[in-house]
Amino acid sequence: MLKALHSKKGVQLILGLIAGIIFGFLLQKGGVTKYSVILGQLLLRDFTVVKIMLSAVITGTLGIHLLRSLGLVQLHPKPGSFGASVIGGLIFGVGFATLGYCPGTIAGAVGQGSLDALVGGVVGILLGAGIFASLYPRLQKATLIKGDFGELTLPQLLKVNPWVVVIPVAILLAAILFLLQRAGL
Amino acid sequence: MEWLKLEQWSPYLVGIGIGILSWVTFLLSDKPIGCSTAFARTSGMIERIFRGAKVKEKPYYQKFAPTVDWEWMLVLGVVIGAFISSKLSGQFDFRWVPVVSGELDKTFVTAPYARIAVAFIGGILMGVGSRWAGGCTSGHGISGTLQMAVSSWLAAICFFIGGIISAMLIFRVFAG
């Protein structure tokens, strides 16, 4: 039944829009569409971003792996390599601190009326993505395939049942949240 | 329904909400939540206006076709959802510069032209970086890590290492 739903293009576009509206509503209510909250996190003064992300990952990973064990969903881990994930991640980080939004929260910032996000940030991201698309063939050979590990997951890497990773990671992340709260952050 | 008008919700509640939303998108759409690919597709669509159909021949756009897809609609939805949320709480406001205080209160944040220029440069870095890493704070940071993807844990940790070092250098060393 769900497979049939997944292949209905028009319905999927509407479902994407609805999921986006809920996501954007939550991001704005969480405060992470604000420049000061993002920079507060990167300056390690305000842990709202980490609290939201870790709560989402704990909830998400338990649910998704349960649904997967029940045969209801499939995982879609992104492929990666040291050249792509580490170098790209660090460039992203510099942009994160300069822009003060990320690709998801900037869409939310536009929705709340932040014109620096729309006129400066969105235009910059579109240009940056275009620059990357032009450089892609050369980067692919020079950097992106360096240390390639493909669509690997931690349970596959460790050759264990997914739950052997999921449960301890969920507990570890919950412990981090608990300690942050206790430290008054 | 007063809670819908609140300015801010508990971050834990918001995080749990996003986690549950990810169950729903996996179930109903077979998709993880992610945002940065939509920017790459849009960039391709804009380039097509200027350079015509041959844009589609670029190897990158053969991988990520410049068309409206599920994730593109998701990003559009984020704009609408944040608009509704900020309208309900009375926070919606057209602003050229972000509201800041303390050490963030610097000319390049509070002067409109300087802020737009800095946001533009930051945007370019983010556009390049997110496509280089193959995802963003949503696609890698939440959806990828919850799937226990190695690429996503590595990228998400690097987002924060790069971001924390840059923010500290910008606000506490250069502008401090």
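The exercises below, each with a worked solution, concern a predicted model.

**Exercise 1. Describe the overall make-up of chain A: which elements does the secondary structure comprise, and in what order do they run?**

Step 1. The secondary structure of chain A consists of nine helices and two strands.
Step 2. Read from the N terminus, the order of elements is α-α-α-α-β-α-α-α-β-α-α.
Step 3. The C-alpha trace of chain A spans about 50 × 45 × 40 Å along its principal axes.
Step 4. Chain A has 185 residues, and 51% of them count as buried.
Step 5. Of the contacts in chain A between residues at least 6 apart in sequence, 60% join residues at least 24 apart.

**Exercise 2. State the domain assignment of chain A, and find how far apart the C-alpha centres of domain 1 and domain 3 lie.**

Step 1. The assignment gives domain 1 as 1-30, domain 2 as 33-76 + 152-185, and domain 3 as 78-149.
Step 2. Between the C-alpha centres of domain 1 and domain 3 of chain A there are 23 Å.

**Exercise 3. Characterise the contact between chain A and chain B: how many residues does each chain give?**

Step 1. Chain A contributes 110 residues and chain B contributes 111 residues.
Step 2. On the side of chain A that touches chain B, helix H7 (residues 115-144) of chain A gives the most, with 20 residues.
Step 3. Sorted by class, that side of chain A holds 67 nonpolar, 38 polar and five charged residues.

**Exercise 4. Describe how H3(A) and H4(A) pack.**

Step 1. Two packed helices are described by the angle between their axes and the distance between the axes.
Step 2. For H3(A) and H4(A) the angle is about 85 degrees and the axes are 7 Å apart.
Step 3. Angles of 65 to 115 degrees count as roughly perpendicular, so H3(A) is roughly perpendicular to H4(A).
Step 4. A:Val37, A:Ile38 and A:Gln41 of H3(A) make the contact with A:Thr48, A:Val49 and A:Val50 of H4(A).
Step 5. The residues of this contact are four nonpolar, two polar and no charged.

**Exercise 5. Compare A:Leu44 and A:Lys159: where is each residue, and is each exposed or partly exposed?**

Step 1. Most residues other than glycine have a negative phi.
Step 2. A:Leu44 has a positive phi, near 60 degrees, and A:Lys159 has a positive phi, near 55 degrees.
Step 3. A:Leu44 sits in the loop between helix H3 (35-42) and helix H4 (48-69) of chain A.
Step 4. A:Lys159 sits in the loop between helix H8 (154-158) and helix H9 (162-182) of chain A.
Step 5. A:Leu44 counts as partly exposed because it has 13 C-beta neighbours inside 10 Å.
Step 6. A:Lys159 has 7 other C-beta atoms within 10 Å, so it is exposed.

**Exercise 6. Why is helix H7 (residues 139-146) of chain B described as largely enclosed, and what covers its buried residues?**

Step 1. Eight of the eight residues of H7(B) are buried, so the helix is largely enclosed by the rest of the structure.
Step 2. Among these buried residues are B:His140, B:Ile142 and B:Leu146.
Step 3. The cover includes H4 of chain A. From chain B it includes helix H1 (11-29), helix H2 (36-51), helix H6 (112-133) and helix H8 (150-174).
Step 4. After H7(B) comes B:Met148, with a positive phi near 65 degrees.

**Exercise 7. Identify the residues with the most contacts inside the largest nonpolar core.**

Step 1. The largest nonpolar core has 103 residues, and A:Phe23 and A:Ile106 have the most contacts inside it.
Step 2. Leaving out residues up to four places away in sequence, A:Ile106 touches A:Tyr101, A:Ala117, A:Gly121, A:Val122 and A:Ile125.

Technical notes: Residues are numbered from 1 along each chain as its sequence is written. Chains are lettered from A and ligands numbered from 1 in the order in which they are written. This is a predicted model: local features need pLDDT of at least 70, side-chain atom pairs count only at pLDDT 80 or more; totals for chains, interfaces and linings use all residues. Two residues are in contact if their C-beta atoms, placed from the backbone, lie within 7 Å. Helices (H or I, at least four residues) and strands (E, at least two) are DSSP runs, numbered from the N terminus. Ala, Val, Leu, Ile, Met, Phe, Trp, Tyr, Cys and Pro count as nonpolar, Asp, Glu, Lys and Arg as charged, and the others, Gly among them, as polar. A nonpolar core is a set of buried Ala, Val, Leu, Ile, Met, Phe, Trp, Tyr and Cys residues joined through C-beta atoms within 7 Å. A residue is buried if 20 or more other C-beta atoms lie within 10 Å of its own, exposed if 12 or fewer, and partly exposed in between; C-beta atoms are placed from the backbone. Axes are lines fitted to C-alpha atoms, for helices over the stretch in contact, and angles run from 0 to 180 degrees between N-to-C directions. Angles under 35 degrees count as roughly parallel, over 145 as roughly antiparallel, 65 to 115 as roughly perpendicular and the rest as oblique. Domain bounds come from an automatic or database domain assignment.
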